Amino acid sequence: MGFEFQFRAVFAYQDLLIDGLWLTLQLSAAGILGGAAVGILLAGARSLVPRPIGWVIDGYVELIRNTPFLVQLLIIFLGLPSLGIRLSAEQAAVIGLVVNLSAYVTEIVRAGIQSVHRSQIEAGLSLALTRLQVFRHIILAPAIARVWPALTSQFTLMMLATSVCSFISVQELSAEAANIESQTFRSFETYIVVAVVYLALALLLRGLLAGLGAILFPSGSGLGRLRRAGQ
Amino acid sequence: MIRQFTEAEFLFILTSARWTLLITVLALALGGLFGFLVAIARTSQLAPLRALAAGWIGVVQGIPVLILLFLSYYGLALAGLDLPPLVAASISMALYASAYLGEIWRGSIQSVPWQQWEASAALALSRPQQYRYVILPQAVKIVIPPTVGFVVQLVKNTSIVSIIGVVELVRAGNLVNNATFQPFKVFGTVAAIYFAICWPISLLARRLEGKLHAGRAG
């Protein structure tokens, strides 16, 4: 076995790595913010709108959660142009990430909403809170606090899933890895380096989200207790 | 010449689902075995074993499945194993599954009350006997719904292996699309087949979950 690791060849292309990393960060940020917003909106709407519209939301969630992200991307990037909607690879990727994550967030937040006890809502109404106030402070905030750990792991999974965007030629970290590999022929080293970068990103994101949870739902508050109970 | 998307193309995609299913089954069998060892190591009394298993879970859960696929693909090649893509794909999916299943099963082993360990130790059962007769029978009940749920993730993630040339559902879709230029129809069909595989499994997982919690519903 004459194999020697040669990481130097890979690091010679660090510019490509940094470009890819930057795009991965942008995709993740856009996907997480968009997906969380749409998902929370849908979960909220799910508990307010009349039945038939609720079924449509349920159908959307089931459809997305039971098909691969890669196939969703291919339909958006390759399929939509045949209907006259042209998107750049990056636009298609962001739409795909938002669509995909929103379905999971809807499901997770919906479970949180269902866990809010009826008596809480009645108590809120009897304190003369408006329906909107009840929804915001008594239903939604505790629901999100309780499912925060689940949201955290879903966001991390989505950050990792941005690698799939390389299939539609988005030049994020994994795609740049393939570029470096084809120029250096150091396949194994290239992917080890990229794996370490993703690992660091995942740890960073988890830490960031844990910190955000502590800020949004401070430990002295009832919401903080719910957040920790969810762990 | 542009081909039409006819029954023949549909059948080609549909029958390629067998490779998606085969990779899933192989990954589940191999990954389940390895994942079981990971779960046992993770709950071991030996600190180094626990750390090793925790490290494995942390690393695999912290890198994309795509990168794991490339790492094991090139890693196996470097180790001198010249494996057909299907086998390499199944092995990397098994590695992926082992970390997630290991973590799911660790959770259920640890959810068995610790008094059960003490009581069985007091009855002079050896560690393997404790597992075999006391802990695992209780853990298994808790473990089935999330495990079934994970199978859905596994089926969906096998779509990634299309990149190393295994003609499973997505790759078959790509081939047909290159000949017919009807991406909406082609990948719509691919999505429908995935849905037909995954949805029943999702429903089953939810039903099992409901049964598990039926006892404590108030």
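## Getting started

A residue is called buried if 20 or more other C-beta atoms lie within 10 Å of its own, exposed if 12 or fewer do, and partly exposed in between, with the C-beta atoms placed from the backbone. Helices (H or I, at least four residues) and strands (E, at least two) are DSSP runs, numbered from the N terminus.

Keep in mind that this is a predicted model, where local features need pLDDT of at least 70, side-chain atom pairs count only at pLDDT 80 or more, and totals for chains, interfaces and linings use all residues. Residues are numbered from 1 along each chain as its sequence is written, while chains are lettered from A and ligands numbered from 1 in the order in which they are written.

## How confident is the predictor?

For the complex, the predictor gives an ipTM of 0.91 and a pTM of 0.92. Then there's pLDDT, the predictor's confidence in each residue, from 0 to 100. Chain B averages 92, and 98% of its residues score at least 70. Among the elements of chain B, helix α2 (residues 47–62) has the highest mean pLDDT, 96, and helix α3 (residues 65–78) has the lowest, 91.

## Chain B at a glance

Chain B has eight helices and zero strands. Its C-alpha trace spans about 75 × 50 × 25 Å along its principal axes. Of the 218 residues in chain B, 41% are buried.

Two residues are in contact if their C-beta atoms, placed from the backbone, lie within 7 Å. Take the contacts in chain B with a separation of 6 or more: 76% of them come from residues 24 or more positions apart.

## Where the chains meet

Chain A puts 29 residues into the contact, and chain B puts in 28. On the side of chain A that touches chain B, α3 (51–65), α4 (69–79), α7 (131–161) and α9 (187–216) of chain A each supply at least two residues. α9(A) gives the most, with ten residues.

What kinds of residues make up that side of chain A? They divide into 21 nonpolar, seven polar and one charged. Here Ala, Val, Leu, Ile, Met, Phe, Trp, Tyr, Cys and Pro count as nonpolar, Asp, Glu, Lys and Arg as charged, and the others, Gly among them, as polar.

α9(A) has 30 residues, which should span 44 Å at 1.5 Å a residue, and its end C-alpha atoms are 43 Å apart, which agrees. The expected span of a helix is 1.5 Å times one less than its number of residues. Buried residues in α9(A) include Y191(A), V194(A), Y198(A) and L205(A). The buried residues of this helix pack against α1 (7–11), α7, α8 (173–184) and α10 (222–229) of chain A, together with α2 and α3 of chain B.

Now hop over to α2(B), which has 16 residues and reaches 22 Å from its first C-alpha to its last, close to the 22 Å expected. A53(B), I57(B), V60(B) and G62(B) are buried in α2(B). The buried residues of α2(B) pack against α9 of chain A, along with α1 (7–42), α3 and α4 (85–110) of chain B.

## A buried loop residue

Q182(B) lies in the loop between α7 (169–180) and α8 (183–214) of chain B. Why does Q182(B) count as buried? Because it has 20 C-beta neighbours inside 10 Å. Not counting residues up to four places away in sequence, Q182(B) touches F5(B) and N177(B). Q182(B) and F5(B) are 177 residues apart in sequence, yet 7.3 Å apart in space, C-alpha to C-alpha.
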